[in-house]
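Hi there,

Here's the structure I said I'd pass on. Have a look at it first, then read my notes below.

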Amino acid sequence: MNSRNVTVIGLQWGDEGKGKIVDAIARHCRYVVRFCGGANAGHTVRVGDERFAFHLIPCGILHDGVHNVIGNGVAFDPAVACEEIEGLRQRDVTVGSDNLHISSAANVVMGWHKLEDRLSESLLGKGKIGTTARGIGPCYADKATRTTAIRVGDLLDADVLREKVTRIAAVKKAVFAAMYSHRERLNIEEIVEEYAAYGGNLAEMVSNTGAMLRRAVADGERICFEGGQGSLLDIDHGTFPFVTSSSVTACGVPSGAGVPPKAVGRIVGIVKAYTSRVGAGPFPAEQDNATGEWLRERGHEYGTTTGRPRRCGWLDAVALRYAADLSGVDELALTLLDVPGGLADLRIATAYRVDGQVVDQFDPAAGALARAECVYEDLPGWQGEIADARRFNDLPDEARHYVERVEALLGRPVGVISVGPDREQTFAHHSKLKDLI
Ligand code: IMP
């Protein structure tokens, strides 16, 4: 089966710099496919002096001849999609039925999902998840409920849309009143008009993307599956309940894109040279101190989607091994290696101490993790900037040693290294994808 494909996923809690790596790979692929998440994602790509921030549109949109696919597994917010498409067109990027394909089976994020997200979080108070408020959880909840879900295909038929909106709005009103003591007007005609207009704008791009991708697999076309969020936010395998609501590991590719499991191809796990997390939940290697603050400022660790400051800490080999094993990662891409430069020492968590016992397994059950203290290995830091490095041997000894420790601790090669936001600042190291980077 097709081994030319590449799956790119984050191995931490998101914001690992996936967009940049996908962007580098995308130009050599025929298809770039989103299979999970929705507008909660924020992928940033810099081209020259221009900065592009994508939430829903796959990163391959910047390359000629690439088909960009929003798969059935995505929580699709048509308002965000229309805005992003318009923004790209204003910057002279062509977007249309030749290069963007939206699954008719993707579930639609409605206005009431965003409201539900906010109401639910405010009701939870201190126990809240700290979501992006993009309506992601409520949209996937309705997908699982089935009878309260609207799919992209429904936006194209005004009668179907009106029937569904009328029926579901009545349910939502009752739920808002009963659960949150919140009265919401939900004007059926306004909602139908708004969402039918999105459907009209997007219609030419909506199709059976699963069939399209299975054909591409059969034809041996190269596909890049672009992960969103990070493995530790996975609905099944992440630090539940402080997770997102979709399958964001490589295990989510087949169902979220509609391709056979063997089509995932080579799996690249993106690892930021330190760790960040936004929102609530356990984070054993967190540095809620001057070091964390320093990493946040130097790494510009503020959310692309929400602008929230990210929690920062040391690299965590226990969590990373778990995430890499879960997806069967073939090679790593180590990003933002320039950021920790200047620290006297760096630390990597190699085990946890939980209730007096040393463990080297990551147990995502939030209770135990919240009590975990890290056992660290200390490594010498490097001084001076490394942003000009273009190959491994350009890096100072200490930075090379750090990369080698990551490889040894995770039992996988670091295939790609990135030392800054520009395209030229990404280079292949031990990658089997040398022709792509
Ligand atoms: P939701 O996906 O908006 O429901 O948020 C659930 C959790 O996932 C929160 O902690 C968010 O901060 C986090 N999250 C969701 N998407 C991303 C992302 O793309 N990067 C980092 N964190 C994310």
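Strand β16 and strand β17 run antiparallel and are joined by three bridges. Two strands count as paired if DSSP finds at least two bridges between them; strands themselves are DSSP runs (E, at least two residues) and helices are runs too (H or I, at least four), numbered from the N terminus.

Before you go on: this is a predicted model, where local features need pLDDT of at least 70 and side-chain atom pairs count only at pLDDT 80 or more, while totals for chains, interfaces and linings use all residues. Residues are numbered from 1 along each chain as its sequence is written, and side-chain values use heavy atoms, leaving out hydrogens and water.

Back to β16. Y352 sits opposite V359 in β17, and in the hairpin these two strands make, with two residues between them, D355 has a positive phi near 50°. β16 (residues 345–354) also pairs with β18 (residues 373–380), antiparallel again, through eight bridges; I348 has E377 in β18 as its bridge partner. With β14 (residues 315–316) the sense is parallel, over two bridges, and there D316 partners A349 in β16.

Now the inside. A nonpolar core here is a set of buried Ala, Val, Leu, Ile, Met, Phe, Trp, Tyr and Cys residues joined through side-chain atoms within 4.5 Å. Buried means under 20% relative accessible area, exposed over 50%, and partly exposed in between (1.4 Å probe, protein chains only). The largest core has 72 residues, and L11, L337, Y352, L395, Y402 and I417 touch the most other members. Helix α10 (residues 317–327) gives the largest share of this core, seven residues. A second, separate core has 59 residues, among them V32 and L186.

Which residues does L395 touch, not counting those up to four places away in sequence? They are L337, I386, A389, R400, I417 and V419, with contact meaning heavy atoms within 4.5 Å.

Last stop: D363, in the loop between β17 (357–359) and α11 (366–370). Is D363 buried or partly exposed? D363 counts as partly exposed because its relative accessibility is 40%. Setting aside neighbours within four places in sequence, D363 is in contact with A368 and L369. Its C-alpha atom is separated by 26 Å from that of E404, 41 residues apart along the chain.

Enjoy exploring!
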